[in-house]
Amino acid sequence: MKPSQPMMARLRLTTKQVNGGYYKGTRSGSMGFFAKNGSYVIDWKKVRTYVVPERLSEFKLTPFVTKTMAPTRSKYTREIEKDGRTITVERAFDGKDFLRLWVLDNGKEVQQLEDEAQSNNTETPLQQGS
């Protein structure tokens with residue numbers, strides 16, 4: 001006997017259908033066990049080990065990323081002065097960069113915000129951040 005589709009939906013278990021004792025997990029498997037004192041003991045027979053092929057340079061399969069690619073330079077840089085010279089240094093992506101990208105993607109919304117602010121004689125959030 002096969003259960004019908006509505007019956008299959010009821011057989012599926014979620015944390016909302018079961019009170020506090022249900023743990024779904026991530027299908028990653030255990031690497032050990034919990035001891036009586038609450039600590040976790042690693043069972044080295046359960047730990048996954050990955051074997052690197054011998055003679056790796058002759059191995060036919062290739063990695064997803066090439067070893068010959070040069071590092072990609074960031075377009076987010078800043079200039080600092082050090083010992084009388086100006087040096088260009090990479091910096092993190094910040095909020096102003098996000099706003100610039102958002103304005104490029106959402107030009108109509110920006111125009112509407114500016115029109116509303118102009119009619120109310122107030123500054124837009126984009127103008128306040130500048």
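Helices (H or I, at least four residues) and strands (E, at least two) are DSSP runs here, numbered from the N terminus. The model on your screen is predicted, so local features need pLDDT of at least 70 and side-chain atom pairs count only at pLDDT 80 or more, while totals for chains, interfaces and linings use all residues. Residues are numbered from 1 along each chain as its sequence is written, and side-chain values use heavy atoms, with hydrogens and water left out.

**The whole chain**

Start with a cartoon view. Now colour by accessibility, calling a residue buried under 20% relative accessible area, exposed over 50% and partly exposed in between (1.4 Å probe, protein chains only). Of the 130 residues in the protein, 5% are buried.

**Arg55**

Next, select Arg55, in the loop between strand 2 and strand 3. This residue is not a glycine, yet its phi is positive, at about 50°. Arg55 counts as exposed, at 58% relative accessibility.

**The hairpin**

Move on to residues 77-82 and 85-90, which are strand 3 and strand 4. Two strands pair if DSSP finds at least two bridges between them; these two run antiparallel and are joined by six bridges. Which residue of strand 4 stands opposite Ile80? Ile87 does. Show Glu81 too, and you will see Thr86 of strand 4 opposite.

The hairpin has two residues between its strands. One stop in that loop is Asp83, another residue with a positive phi that is not a glycine, at about 55°. Asp83 is exposed, with 74% relative accessibility.

**Aromatic pairs**

Now show the rings. Rings of Phe, Tyr and Trp (its six-membered ring) pair if their centres lie within 6.5 Å; planes under 30 degrees apart count as stacked, over 60 as edge-to-face and the rest as tilted. Searching the whole structure gives two aromatic pairs. Phe34 and Tyr40 make an edge-to-face pair, with 4.9 Å centre to centre and 70° between the planes. Of its members, Phe34 is exposed at 64% relative accessibility, and Tyr40 is partly exposed at 39%.

Tyr76 and Phe93 also pair edge-to-face, at 5.2 Å centre to centre with 80° between the planes. Tyr76 lies in the loop between strand 2 (40-42) and strand 3, and Phe93 in the loop between strand 4 and helix 2, so this pair ties together parts that are 17 residues apart in sequence. Is Tyr76 buried or exposed? At 18% relative accessibility, Tyr76 counts as buried, whereas Phe93 is partly exposed at 42%.

Leu101 belongs to helix 2 (residues 95-105) and is partly exposed, at 36% relative accessible area.

**Helix 3**

Finish at residues 107-120, the 14 residues of helix 3. From first C-alpha to last, helix 3 reaches 20 Å, close to the 20 Å expected at 1.5 Å a residue (1.5 Å times one less than the number of residues). Step past its end to Asn121, where phi is positive, near 60°.
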